[in-house]
Amino acid sequence: MTPRVLLPWSDLTVPDGLETACYDGTGTPPALDGVEFYVLPYDSGPEPPKLIAKMPSLKAVQSLSAGVDSLLPLIPDGVTLANGRGLHDLSVAEHTLALILAAQRNLPRWFRQQGTGSWDREHTRSLADERVLLVGYGSIGKAIERYLVAGEADVVRVASTAREGVHGIDELPELLPSADILVLILPDTPATRGVIGAPELAALPDGALVVNVGRGTAIDTAALTKEVVSGRLRAALDVVDPEPLPSDHPLWRAPGAIITPHVAGGSDSFYPRANRLVEQQLQRFARGEPLVNVVR
């Protein structure tokens, strides 16, 4: 039987001998019985992963997201799962820097003043010389660090376990009181859910900035809302819990909050990088070679 590949878009170079079909996550998918390699559409909701159970010939699933914890229960035994590690690094890093600078330089205020033609001025915070706790030191965290170091911030690396040059997450109680900016790049796992709760937020100094570009579940939203609405802390968030944030949630209108709708990873730089990864994986699959970025 000719191997079949289900792709999210058609403008890819596919090795000879691989019959392909396309499904972008909308409408009715094609026949699934012969699909052996499934590239999940990016950012298309919960329906495309459900098709995995309808693919009896499936051998490999390629996710274009770095985090695949929600996919793991859907992957049958004997099926390889690969993720999109590295595809979003620069996009998320750019967005993180933008959130930090927007908060530190008070850009929302100046944007509002532009609408009224006001020239009121005052000095703002900066990124330079600020102490930044970078919690989640994987490939995205390292990309963020490069921007922060270029801005002459003092970066403190934090990961799930300590290693040379990197603090363990169990050291947060000692690290938080001296942090000017807390940046979270954590996946949604049992170990990371609620890792920043009321006690951790209370340990941050007045005026500290909480940035989340990982998963919203890492922060206790109610506790963060209380701190930001009171004016004691500030927040710059690309992810929240729940997501989407209800339109009447007080965080939307809190003066110290900047919120973007989970868009950090979706810049123009993502798609060419995704194309290259998928084409590389298809070449490996056609030759019977191991895939890269294998999670399981």
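Guide: Gladly; what follows is a set of questions about a predicted model, each answered by setting a value against its cut-off.

Visitor: Why is strand β3 said to be largely enclosed?

Guide: Buried means under 20% relative accessible area. Five of the five residues of β3 (residues 35-39) are buried, so the strand is largely enclosed by the rest of the structure.

Visitor: How do you know which strands pair with β3?

Guide: Two strands pair if there are at least two bridges between them. β1 and β3 have three bridges and run in the parallel sense, with Arg4 opposite Val35 in β3. β3 also pairs with strand β4 (residues 60-62), again in the parallel sense and over three bridges; there Tyr38 stands opposite Val61 in β4.

Visitor: Now the aromatic rings. Why is the pair of Trp9 and Tyr271 called edge-to-face?

Guide: The search of the whole structure finds four aromatic pairs. For Trp9 and Tyr271 the ring centres are 6.1 Å apart, and a pair needs centres within 6.5 Å. The planes stand at 70 degrees, and over 60 counts as edge-to-face, so the pair takes that name.

Visitor: What makes this pair a link between parts of the chain?

Guide: Trp9 sits in the loop between β1 (4-7) and β2 (19-22), while Tyr271 belongs to helix α8 (residues 270-287), so the pair ties together parts that are 262 residues apart in sequence.

Visitor: And what of Phe270 and Tyr271: why is that pair edge-to-face?

Guide: Their ring centres are 4.7 Å apart and their planes are at 75 degrees, so this pair is edge-to-face as well. Trp9, Tyr42, Phe270 and Tyr271 form one aromatic cluster.

Visitor: How do you know where empty space is left?

Guide: Rolling a probe the size of a water molecule over the atoms shows it. Here the count comes to one cavity of 30 Å³ or more, with about 50 Å³ of space in the largest cavity. What makes this space a cavity is that a 1.4 Å probe fits but cannot get out. Its lining includes Asn212, Ile219, Leu237, Asp241 and Leu251, and by class there are six nonpolar, three polar and one charged residues.

Visitor: Which residues and elements line the second largest pocket?

Guide: The second largest pocket has a volume of about 250 Å³. Of its 16 lining residues, Ala103, Asn106, Arg234, Pro255 and Gly256 are the closest to the centre. The elements giving two or more residues to this lining are α2 (89-104), α3 (107-116) and β12 (257-259). By class, the lining divides into six nonpolar, five polar and five charged residues.

Terms used
Residues numbered from 1 in each chain as written. Predicted model: local features only at pLDDT ≥ 70, side-chain atom pairs only at ≥ 80, totals over all residues. Heavy atoms only, no water. 1 Å grid on protein atoms, 1.4 Å probe; cavity = no way out; pocket = protein on both sides within 12 Å on 5 of 7 lines; lining within 4 Å. Points joined across faces, edges and corners; volume = space filled by probe spheres on them. Nonpolar A, V, L, I, M, F, W, Y, C, P; charged D, E, K, R; others polar. Helix = DSSP H or I, 4+ residues; strand = E, 2+ residues; numbered from the N terminus. Phe/Tyr/Trp six-rings, centres within 6.5 Å; stacked < 30°, edge-to-face > 60°. Buried < 20%, exposed > 50% of the residue type's maximum accessible area, 1.4 Å probe, protein only.
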